[in-house]
Amino acid sequence: MALKDKRIITVAVTGAWPTRKDNSNLPVTPQEIADDVYSCWQAGAAVAHIHVREDDGTPSMRFERYQETVALIRAKKDCDICLNITSSGGTLGSGTTEEDDETRIRPIRELRPELCSFDCGTMNWQYRTIFENHPRFLERLGRTVQEVQVKPELEIFDIGMLYAAEHYMGRGILKAPCHFQFILGAPGGVAATVEDLLTLKQRLPPGSTWAASGIGKGHVPIMLATIALGGHLRVGMEDNVFYHRGIPAASNAQLVERAVRLLGEAGLQAASPDEARRILGIGRR
């Protein structure tokens, strides 16, 4: 099948928000995350979006946790999945100082994943706390990823973040063509509706690649709309801990398997990791 008929499946296995009270199958420790990522790769995921936790489940940005988790994933036999390390995993409500900036950037600079998240603005997260991405931090992150040749995945929670991305592209802090990840349905951000997804897609800079994910009950509708509109997919317990209403997902791999089936029903295929690298214009690590 031609590359134009391949779609990248990213799996966001852990995130910073869900807990085992939400779904007892959520991976938390470095070994659990690595084993889960490996199962998702076997199921058809091309990219793994990595957050880490402390053993008690609290969000973490501790470098040693990333180092251990990445090493365990890369040690898996034949596993060539692309890694996407978050730049925001432990920062909800914590504020941002220059010391925090370094904590957030260090795993990306030193571990050199293929991709990293670049959240294009600050927002009121869940109407309960502040998800802070100071302009100083974004400028430093943008310059760092160019130095170490890591492709930023521009996470867009609201339409204003698209315009912020264009601003940073115009200043050379972000280098086109960019890859955008629309996250719809986070309270405080854009709603998980097909209309809002279409609005975001229509505002993309020319030549961009894009993917989308709906949080919670918007997960499947946004996935179906994304397939119809030609985008790539993101699944995983970071965004949605249920398989059906009231039925917890048995694993992240189960969510990947559903995405693979839906692509097949549309006459498409899940991209392999190397095909994802070609689509995104990145090299193998």
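Student: Which helix and which strand each supply at least two residues of the lining of the second largest pocket?

Tutor: This is a predicted model, in which local features need pLDDT of at least 70 and side-chain atom pairs count only at pLDDT 80 or more, while totals for chains, interfaces and linings use all residues. Residues are numbered from 1 along each chain as its sequence is written, and side-chain values use heavy atoms, with hydrogens and water left out. A pocket is an open set of points, on a 1 Å grid over the protein atoms alone, with protein on both sides within 12 Å along at least five of seven lines, and lining residues have an atom within 4 Å of a point. With helices (H or I, at least four residues) and strands (E, at least two) taken as DSSP runs numbered from the N terminus, the two elements are helix H4 (135-148) and strand S10 (151-156).

Student: How much space lies in the second largest pocket?

Tutor: Of the 20 residues that line the second largest pocket, those closest to its centre are Gln149, Val150, Lys151, Pro152 and Lys175. H4 gives the most to this lining, with three residues. The volume, which is the space filled by probe spheres set on grid points joined across faces, edges and corners, is about 410 Å³.

Student: Which residues are the closest to the centre of the largest pocket?

Tutor: About 700 Å³ of space lies in the largest pocket. Its lining is made up of 37 residues, and the closest to the centre are Ile215, Gly216, Glu238, Asp239 and Asn240.

Student: Which residues line the largest cavity?

Tutor: A cavity is a set of grid points where a 1.4 Å probe fits but cannot get out, and the structure holds one of 30 Å³ or more. The largest cavity contains about 50 Å³ of space. Lining the largest cavity are Ile8, Thr10, Val47, Asn84, Leu115, Glu153, His179, Ala211, His232, Leu233 and Leu280.

Student: Are helices H1 and H8 roughly parallel or roughly antiparallel to each other?

Tutor: Axes are lines fitted to C-alpha atoms, for helices over the stretch in contact, and angles run from 0 to 180 degrees between N-to-C directions. H1 (residues 30-43) packs against H8 at an angle of about 15°, with the axes 8 Å apart. Contact means heavy atoms within 4.5 Å, and here Asp36, Ser39, Cys40 and Ala43 of H1 meet Asn252, Ala253, Val256, Glu257 and Val260 of H8. Angles under 35 degrees count as roughly parallel and those over 145 as roughly antiparallel, and H1 and H8 are therefore roughly parallel.

Student: How far apart are the axes of H7 and H8?

Tutor: Helix H7 (residues 219-229) and helix H8 (residues 252-265) pack at an angle of about 35°, and their axes are separated by 11 Å.
From H7 the contact takes in His219, Val220, Met223, Leu224 and Ile227, and from H8 Arg258, Ala259, Leu262 and Leu263.

Student: Which residue is joined to Pro177 by a cis peptide bond?

Tutor: Pro177 has its place in the loop between helix H5 (159-170) and strand S11 (179-184). The peptide bond in question has an omega of about 0°, and the residue that it joins to Pro177 is Ala176.

Student: What is the value of phi in Asp78?

Tutor: Asp78 lies in the loop between helix H2 (63-74) and strand S6 (82-85). Asp78 is a residue other than glycine with a positive phi, and the value is near 65°.

Terms used:
Angles under 35 degrees count as roughly parallel, over 145 as roughly antiparallel, 65 to 115 as roughly perpendicular and the rest as oblique.
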